[in-house]
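Reader: I am new to this structure and would like to learn how to read its features one at a time. Could you take me through them slowly, giving the general idea before each case?

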Amino acid sequence: MGILHRVLSPAKINLFLKVLRKRDDGYHDIVSVMQPISLYDEILMEMENGSGIIVSCDNANVPCDRTNLAYRAAAEFFRTTGINRRLSITIKKNIPVAAGLGGGSSNAAAVLRALNEITSQNISTGNLIEIGACIGSDVPFFIVGKSCIARGRGESLEPIELPKFWYILINPGFPVSTQWAYQNLNLTKSNEDINIAILKVSLEDTVGIQQWQGLLANDLEEVTIGKHPEIKEIKDALSAVGATGALMSGSGPTVFGIFPDKDKAEEAFGLLKGAFKQKRYTVFLAQGL
(Lines give C-alpha, C1' and ligand atoms only; values in the text may rest on other atoms or scores of the structure.)
Protein backbone atom coordinates (compact mmCIF):
# COMPACT_ATOMS: atom_id res chain seq x y z
CA MET A 1 0.00 0.00 0.00
CA GLY A 2 1.38 3.39 -1.01
CA ILE A 3 0.60 6.93 0.10
CA LEU A 4 -3.15 7.66 -0.10
CA HIS A 5 -4.26 11.24 -0.61
CA ARG A 6 -7.83 12.52 -1.07
CA VAL A 7 -8.54 15.98 -2.47
CA LEU A 8 -11.60 17.97 -3.48
CA SER A 9 -11.56 19.63 -6.89
CA PRO A 10 -14.01 22.59 -7.21
CA ALA A 11 -15.91 23.87 -10.22
CA LYS A 12 -15.80 27.51 -11.33
CA ILE A 13 -18.16 29.98 -12.90
CA ASN A 14 -17.35 32.90 -15.19
CA LEU A 15 -19.14 36.00 -13.94
CA PHE A 16 -17.59 38.06 -16.71
CA LEU A 17 -15.98 36.90 -19.97
CA LYS A 18 -14.90 39.18 -22.76
CA VAL A 19 -12.95 37.82 -25.74
CA LEU A 20 -10.64 40.51 -27.07
CA ARG A 21 -8.70 39.03 -29.98
CA LYS A 22 -7.24 35.87 -31.48
CA ARG A 23 -3.57 35.39 -30.75
CA ASP A 24 -0.82 34.16 -33.06
CA ASP A 25 -0.57 30.95 -31.00
CA GLY A 26 -4.21 30.07 -31.76
CA TYR A 27 -5.53 31.00 -28.32
CA HIS A 28 -7.62 34.09 -27.56
CA ASP A 29 -6.85 37.02 -25.29
CA ILE A 30 -9.61 37.36 -22.73
CA VAL A 31 -10.66 39.29 -19.67
CA SER A 32 -12.62 37.10 -17.29
CA VAL A 33 -13.78 37.10 -13.70
CA MET A 34 -13.84 33.57 -12.28
CA GLN A 35 -15.01 32.31 -8.91
CA PRO A 36 -14.60 28.79 -7.50
CA ILE A 37 -17.82 27.28 -6.14
CA SER A 38 -18.78 24.51 -3.72
CA LEU A 39 -19.45 21.86 -6.36
CA TYR A 40 -16.61 19.35 -6.22
CA ASP A 41 -15.11 16.34 -7.93
CA GLU A 42 -13.37 13.95 -5.53
CA ILE A 43 -9.90 12.66 -6.36
CA LEU A 44 -8.13 9.79 -4.63
CA MET A 45 -4.43 9.44 -5.34
CA GLU A 46 -2.16 6.55 -4.38
CA MET A 47 1.56 6.73 -4.94
CA GLU A 48 3.91 3.76 -4.48
CA ASN A 49 7.15 2.30 -5.71
CA GLY A 50 7.32 1.59 -9.41
CA SER A 51 6.44 3.68 -12.44
CA GLY A 52 3.46 4.58 -14.59
CA ILE A 53 0.30 6.67 -14.21
CA ILE A 54 -3.13 5.03 -14.09
CA VAL A 55 -6.34 7.09 -14.23
CA SER A 56 -9.83 5.75 -13.58
CA CYS A 57 -13.14 7.63 -13.48
CA ASP A 58 -16.75 6.78 -12.72
CA ASN A 59 -17.96 8.83 -15.74
CA ALA A 60 -17.63 7.03 -19.08
CA ASN A 61 -17.41 10.39 -20.91
CA VAL A 62 -14.07 11.16 -19.27
CA PRO A 63 -11.01 9.75 -21.09
CA CYS A 64 -8.64 7.86 -18.83
CA ASP A 65 -5.68 7.84 -21.20
CA ARG A 66 -2.86 10.33 -21.77
CA THR A 67 -5.36 12.99 -22.94
CA ASN A 68 -6.87 13.23 -19.46
CA LEU A 69 -5.79 16.54 -17.88
CA ALA A 70 -5.13 14.94 -14.49
CA TYR A 71 -2.87 12.39 -16.20
CA ARG A 72 -1.08 15.17 -18.08
CA ALA A 73 -0.62 17.13 -14.85
CA ALA A 74 0.96 14.16 -13.10
CA ALA A 75 3.19 13.38 -16.07
CA GLU A 76 4.38 16.99 -16.28
CA PHE A 77 5.02 17.13 -12.53
CA PHE A 78 7.13 13.96 -12.66
CA ARG A 79 8.99 15.22 -15.75
CA THR A 80 9.73 18.57 -14.11
CA THR A 81 10.88 17.14 -10.78
CA GLY A 82 12.59 14.01 -12.08
CA ILE A 83 10.50 11.85 -9.72
CA ASN A 84 9.66 8.35 -10.94
CA ARG A 85 6.86 6.68 -8.97
CA ARG A 86 3.74 4.66 -9.72
CA LEU A 87 0.63 6.83 -9.36
CA SER A 88 -3.03 5.81 -9.40
CA ILE A 89 -5.61 8.60 -9.80
CA THR A 90 -9.29 7.80 -9.17
CA ILE A 91 -11.76 10.54 -10.09
CA LYS A 92 -15.34 10.66 -8.84
CA LYS A 93 -17.10 13.15 -11.12
CA ASN A 94 -19.77 15.42 -9.70
CA ILE A 95 -18.99 18.33 -12.04
CA PRO A 96 -20.63 17.80 -15.47
CA VAL A 97 -18.22 17.16 -18.36
CA ALA A 98 -17.66 19.80 -21.08
CA ALA A 99 -20.04 22.05 -19.20
CA GLY A 100 -18.25 25.41 -18.91
CA LEU A 101 -17.37 24.71 -15.27
CA GLY A 102 -13.68 23.83 -15.64
CA GLY A 103 -13.87 20.32 -14.18
CA GLY A 104 -10.93 18.86 -16.11
CA SER A 105 -8.71 21.87 -15.42
CA SER A 106 -9.64 21.73 -11.74
CA ASN A 107 -8.70 18.05 -11.61
CA ALA A 108 -5.30 18.85 -13.14
CA ALA A 109 -4.65 21.63 -10.64
CA ALA A 110 -5.72 19.43 -7.73
CA VAL A 111 -3.26 16.74 -8.83
CA LEU A 112 -0.40 19.25 -9.15
CA ARG A 113 -1.04 20.72 -5.71
CA ALA A 114 -1.43 17.30 -4.11
CA LEU A 115 1.75 15.90 -5.69
CA ASN A 116 3.66 18.95 -4.51
CA GLU A 117 2.50 18.17 -0.97
CA ILE A 118 2.93 14.39 -1.12
CA THR A 119 6.47 14.61 -2.48
CA SER A 120 7.51 17.58 -0.26
CA GLN A 121 8.95 19.36 -3.29
CA ASN A 122 7.82 22.79 -2.01
CA ILE A 123 7.44 24.14 -5.53
CA SER A 124 6.24 27.74 -5.35
CA THR A 125 2.74 28.67 -6.46
CA GLY A 126 4.26 30.69 -9.29
CA ASN A 127 6.17 27.68 -10.62
CA LEU A 128 3.13 25.43 -10.24
CA ILE A 129 1.18 27.97 -12.31
CA GLU A 130 3.86 27.75 -15.03
CA ILE A 131 3.49 23.96 -15.08
CA GLY A 132 -0.31 24.24 -15.12
CA ALA A 133 -0.35 26.76 -17.98
CA CYS A 134 1.21 24.10 -20.22
CA ILE A 135 -1.76 21.82 -19.53
CA GLY A 136 -4.75 24.14 -19.93
CA SER A 137 -5.73 27.81 -19.79
CA ASP A 138 -7.89 27.44 -16.65
CA VAL A 139 -5.42 25.31 -14.69
CA PRO A 140 -3.50 28.31 -13.26
CA PHE A 141 -6.74 29.74 -11.85
CA PHE A 142 -7.47 26.55 -9.94
CA ILE A 143 -3.90 26.46 -8.62
CA VAL A 144 -4.40 29.94 -7.15
CA GLY A 145 -7.63 28.57 -5.67
CA LYS A 146 -9.58 31.80 -5.22
CA SER A 147 -11.60 34.32 -7.23
CA CYS A 148 -9.52 36.11 -9.85
CA ILE A 149 -9.58 38.50 -12.75
CA ALA A 150 -7.91 36.52 -15.54
CA ARG A 151 -6.19 38.04 -18.56
CA GLY A 152 -4.08 36.86 -21.46
CA ARG A 153 -5.30 33.37 -22.31
CA GLY A 154 -6.23 32.93 -18.65
CA GLU A 155 -2.79 32.54 -17.10
CA SER A 156 -2.37 36.16 -15.94
CA LEU A 157 -4.29 36.27 -12.65
CA GLU A 158 -5.20 38.98 -10.17
CA PRO A 159 -6.90 37.67 -7.01
CA ILE A 160 -10.09 39.50 -6.04
CA GLU A 161 -12.51 39.31 -3.13
CA LEU A 162 -16.02 38.51 -4.35
CA PRO A 163 -19.27 38.22 -2.38
CA LYS A 164 -20.05 34.64 -1.34
CA PHE A 165 -23.38 34.57 -3.14
CA TRP A 166 -25.43 31.41 -3.59
CA TYR A 167 -25.81 29.97 -7.07
CA ILE A 168 -28.20 27.57 -8.73
CA LEU A 169 -26.55 25.85 -11.68
CA ILE A 170 -28.55 24.07 -14.38
CA ASN A 171 -26.82 21.77 -16.84
CA PRO A 172 -28.97 20.58 -19.78
CA GLY A 173 -27.08 17.32 -20.21
CA PHE A 174 -25.20 17.81 -23.47
CA PRO A 175 -21.54 18.82 -23.89
CA VAL A 176 -20.25 21.97 -25.59
CA SER A 177 -16.72 22.08 -26.99
CA THR A 178 -14.76 25.13 -25.86
CA GLN A 179 -12.81 25.00 -29.12
CA TRP A 180 -16.06 25.04 -31.13
CA ALA A 181 -17.41 28.03 -29.20
CA TYR A 182 -14.29 30.12 -29.79
CA GLN A 183 -14.07 29.11 -33.45
CA ASN A 184 -17.65 30.29 -34.04
CA LEU A 185 -17.33 33.56 -32.13
CA ASN A 186 -17.74 36.69 -34.25
CA LEU A 187 -14.76 38.85 -33.32
CA THR A 188 -15.58 41.58 -35.86
CA LYS A 189 -17.87 43.32 -33.36
CA SER A 190 -16.17 46.11 -31.47
CA ASN A 191 -14.97 45.27 -27.99
CA GLU A 192 -15.03 48.27 -25.70
CA ASP A 193 -11.96 48.97 -23.63
CA ILE A 194 -12.25 47.26 -20.25
CA ASN A 195 -11.05 49.29 -17.30
CA ILE A 196 -9.77 46.59 -14.95
CA ALA A 197 -9.51 48.94 -11.97
CA ILE A 198 -13.16 50.02 -12.29
CA LEU A 199 -14.26 46.42 -12.88
CA LYS A 200 -12.45 45.31 -9.71
CA VAL A 201 -13.97 48.05 -7.56
CA SER A 202 -17.45 47.29 -8.90
CA LEU A 203 -17.14 43.55 -8.26
CA GLU A 204 -15.84 44.00 -4.74
CA ASP A 205 -18.74 46.31 -3.85
CA THR A 206 -21.08 44.15 -1.78
CA VAL A 207 -23.55 46.97 -1.02
CA GLY A 208 -26.05 46.25 -3.76
CA ILE A 209 -26.48 42.99 -5.63
CA GLN A 210 -28.64 44.72 -8.25
CA GLN A 211 -25.77 46.97 -9.35
CA TRP A 212 -23.28 44.11 -9.09
CA GLN A 213 -25.23 41.66 -11.23
CA GLY A 214 -25.48 44.30 -13.96
CA LEU A 215 -21.80 43.57 -14.68
CA LEU A 216 -22.55 40.01 -15.83
CA ALA A 217 -21.33 39.40 -19.39
CA ASN A 218 -20.23 36.47 -21.53
CA ASP A 219 -19.24 36.93 -25.18
CA LEU A 220 -19.59 33.18 -25.83
CA GLU A 221 -23.21 33.02 -24.69
CA GLU A 222 -24.71 34.25 -27.96
CA VAL A 223 -22.69 31.68 -29.92
CA THR A 224 -23.84 28.74 -27.81
CA ILE A 225 -27.47 29.89 -27.57
CA GLY A 226 -27.50 30.06 -31.39
CA LYS A 227 -26.98 26.30 -31.49
CA HIS A 228 -28.73 25.43 -28.22
CA PRO A 229 -31.77 27.68 -27.57
CA GLU A 230 -32.46 25.67 -24.39
CA ILE A 231 -29.88 27.87 -22.69
CA LYS A 232 -32.10 30.94 -23.11
CA GLU A 233 -35.02 28.97 -21.67
CA ILE A 234 -32.91 28.02 -18.63
CA LYS A 235 -31.95 31.67 -18.08
CA ASP A 236 -35.61 32.63 -18.19
CA ALA A 237 -36.52 29.87 -15.72
CA LEU A 238 -33.89 31.10 -13.26
CA SER A 239 -35.15 34.67 -13.52
CA ALA A 240 -38.72 33.46 -12.98
CA VAL A 241 -37.84 31.96 -9.58
CA GLY A 242 -36.09 35.09 -8.34
CA ALA A 243 -32.48 34.98 -9.54
CA THR A 244 -31.08 38.51 -9.56
CA GLY A 245 -28.96 37.61 -12.55
CA ALA A 246 -28.44 34.60 -14.81
CA LEU A 247 -25.57 33.82 -17.18
CA MET A 248 -24.01 30.96 -19.08
CA SER A 249 -20.63 29.94 -17.63
CA GLY A 250 -17.64 29.71 -19.95
CA SER A 251 -18.48 28.11 -23.29
CA GLY A 252 -21.55 26.50 -21.70
CA PRO A 253 -23.95 24.93 -21.64
CA THR A 254 -24.30 25.29 -17.84
CA VAL A 255 -26.23 28.36 -16.72
CA PHE A 256 -26.08 29.82 -13.22
CA GLY A 257 -28.46 32.09 -11.36
CA ILE A 258 -27.36 34.38 -8.52
CA PHE A 259 -29.17 34.48 -5.18
CA PRO A 260 -28.19 36.84 -2.34
CA ASP A 261 -29.07 34.48 0.50
CA LYS A 262 -29.33 30.77 1.22
CA ASP A 263 -33.05 30.62 2.04
CA LYS A 264 -34.12 32.13 -1.30
CA ALA A 265 -31.66 29.91 -3.12
CA GLU A 266 -32.94 26.74 -1.43
CA GLU A 267 -36.56 27.64 -2.19
CA ALA A 268 -35.76 28.30 -5.85
CA PHE A 269 -33.65 25.12 -6.00
CA GLY A 270 -36.65 23.03 -4.94
CA LEU A 271 -38.89 24.70 -7.52
CA LEU A 272 -36.41 24.19 -10.35
CA LYS A 273 -35.69 20.55 -9.49
CA GLY A 274 -39.42 19.93 -9.74
CA ALA A 275 -39.79 21.92 -12.97
CA PHE A 276 -36.99 20.03 -14.73
CA LYS A 277 -37.77 16.60 -13.28
CA GLN A 278 -38.98 15.25 -16.63
CA LYS A 279 -35.92 16.52 -18.52
CA ARG A 280 -32.34 15.29 -18.46
CA TYR A 281 -31.25 18.54 -16.82
CA THR A 282 -29.18 18.46 -13.63
CA VAL A 283 -29.75 21.17 -11.02
CA PHE A 284 -27.10 22.08 -8.44
CA LEU A 285 -27.04 24.41 -5.45
CA ALA A 286 -23.62 25.87 -4.60
CA GLN A 287 -21.97 28.80 -2.90
CA GLY A 288 -19.11 30.97 -4.06
CA LEU A 289 -15.83 30.18 -2.31
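Author: Let us begin with a salt bridge, which is a side-chain nitrogen of Lys or Arg within 4 Å of a carboxyl oxygen of Asp or Glu. The side chains of R21 and D29 meet this rule, with 3.3 Å from N to O. Please keep in mind that this is a predicted model, in which local features need pLDDT of at least 70 and side-chain atom pairs count only at pLDDT 80 or more, while totals for chains, interfaces and linings use all residues. Residues are numbered from 1 along each chain as its sequence is written, and side-chain values use heavy atoms, with hydrogens and water left out.

Reader: How many salt bridges are there by this rule, and are R21 and D29 buried or exposed?

Author: Side chains of opposite charge can pair when their charged atoms come close. The count here comes to 14 salt bridges. For accessibility, buried means under 20% relative accessible area, exposed over 50%, and partly exposed in between, with a 1.4 Å probe and protein chains only. R21 is partly exposed at 45%, whereas D29 is buried at 15%.

Reader: Which parts of the chain does the pair of E161 and K146 link?

Author: E161 and K146 form a salt bridge whose closest N and O atoms are 3.2 Å apart. The pair links distant parts of the chain, 15 residues apart, with E161 in the loop between β6 (156–159) and β7 (166–171) and K146 in the loop between α4 (139–144) and β5 (148–151). These labels follow DSSP runs, numbered from the N terminus: helices are H or I of at least four residues, and strands are E of at least two. E161 is partly exposed at 47%, and K146 is partly exposed at 34%.

Reader: How do β1 and β2 pair, and what residue stands opposite K18?

Author: Two strands pair if DSSP finds at least two bridges between them. β1 and β2 pair in the antiparallel sense over 18 bridges, and K18 stands opposite V31 in β2. The two strands form a hairpin with five residues between them, and G26 in the turn has a positive phi of about 95 degrees. β1 is also joined by two bridges to strand β8 (residues 217–218), and these run parallel; there L17 stands opposite N218.

Reader: How many residues line the largest pocket, and which lie nearest its centre?

Author: Rolling a probe the size of a water molecule over the atoms shows where empty space is left. On a 1 Å grid over the protein atoms alone, a pocket is an open set of points where a 1.4 Å probe fits, with protein on both sides within 12 Å along at least five of seven lines, and lining residues have an atom within 4 Å of a point. The largest pocket is lined by 50 residues, of which S105, S137, D138, T178 and Q179 lie nearest its centre. Elements that each supply at least two lining residues include β1 (3–22), β2 (28–48) and α2 (103–118).
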